[in-house]
Amino acid sequence: MRGVFILLLALGLSASESFITKEEYAAGLYHNPRGVGCHLCHGEEGERKLIARYIDKGESKVFAGNAIKKLPFREFYEKVNSRIVGMPRYYLTDTEIQTLYYYLHREEFKNAAAKSSKPH
């Protein structure tokens, strides 16, 4: 949870000095990180998306992006930085990876921030 707080703080500080909101930046990065958007394979919300159906040796097969929304941050980070067959290599910075994770969990972050700012 402390890591999530640090991520929120870092994104909040960097967004305050920008001409676009962190939500706009996160959406732009998710939809076009380096030419091929994450949404094309992983869906708009990271839920998983069918890319193609094909026949291999008479057997019907499916090629689809994995669901990424429910991955814990550490696993998400490791998968983005590893070589996965069928996934483009983006060479994202740590901040970009944090921003992509934020994009997938933005409602959770907003709800957590709203709860923490309410008086007790």
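Glu107 and Lys110 form a salt bridge, with their closest N and O atoms 3.8 Å apart. A salt bridge here is a side-chain nitrogen of Lys or Arg within 4 Å of a carboxyl oxygen of Asp or Glu. Both residues sit in helix H6 (residues 106-117), 3 residues apart, about one turn of the helix. Helices (H or I, at least four residues) and strands (E, at least two) are DSSP runs, numbered from the N terminus. Glu107 is partly exposed, at 47% relative accessible area. Lys110 is partly exposed too, at 35%. The cut-offs are under 20% relative accessible area for buried, over 50% for exposed, and partly exposed in between (1.4 Å probe, protein chains only).

This is a predicted model: local features need pLDDT of at least 70, side-chain atom pairs count only at pLDDT 80 or more, and totals for chains, interfaces and linings use all residues. Residues are numbered from 1 along each chain as its sequence is written, and side-chain values use heavy atoms, with hydrogens and water left out.

Now the overall fold. The protein chain has 6 helices and 2 strands. From the N terminus on, its elements run α-α-α-β-β-α-α-α. Of the 120 residues in the chain, 27% are buried.

Back to the charged pairs. The structure holds 5 salt bridges. One of them joins the side chains of Lys69 and Glu45, at 4.0 Å from N to O. This pair links distant parts of the chain, 24 residues apart: Lys69 is in the loop between E2 and H4, and Glu45 is in the loop between H3 and E1. Lys69 counts as partly exposed at 27% relative accessibility. Glu45 is partly exposed as well, with 33%. Elsewhere, Asp56 pairs with Lys61, the closest N and O atoms being 3.4 Å apart. Asp56 is partly exposed at 31%, and Lys61 is partly exposed at 28%.

Strand E1 (residues 49-56) holds Tyr54. Tyr54 is partly exposed, with a relative accessible area of 38%. Together with Ile51 and Phe63, Tyr54 forms a nonpolar patch on the surface, with about 260 Å² of accessible area in total. Patches are made of residues with over 30% relative accessible area and no salt bridge; like charges are joined within 9 Å, nonpolar side chains (Val, Leu, Ile, Met, Phe, Trp, Tyr) within 5 Å. The areas come from the Shrake-Rupley method with a 1.4 Å probe; for residues, only the protein chains shown count as cover.

The largest pocket has a volume of about 440 Å³. A pocket is an open set of points on a 1 Å grid over the protein atoms alone, where a 1.4 Å probe fits, with protein on both sides within 12 Å along at least five of seven lines; lining residues have an atom within 4 Å of a point. A volume is the space filled by probe spheres set on the points. The lining has 25 residues, with His42, Asn66, Ile68, Ile84 and Met87 nearest the centre of the pocket. Helix H3 (39-42), strand E2 (59-65) and helix H4 (73-80) each supply at least two lining residues. The lining divides into 19 nonpolar, 5 polar and 1 charged. Here Ala, Val, Leu, Ile, Met, Phe, Trp, Tyr, Cys and Pro count as nonpolar, Asp, Glu, Lys and Arg as charged, and the others, Gly among them, as polar.
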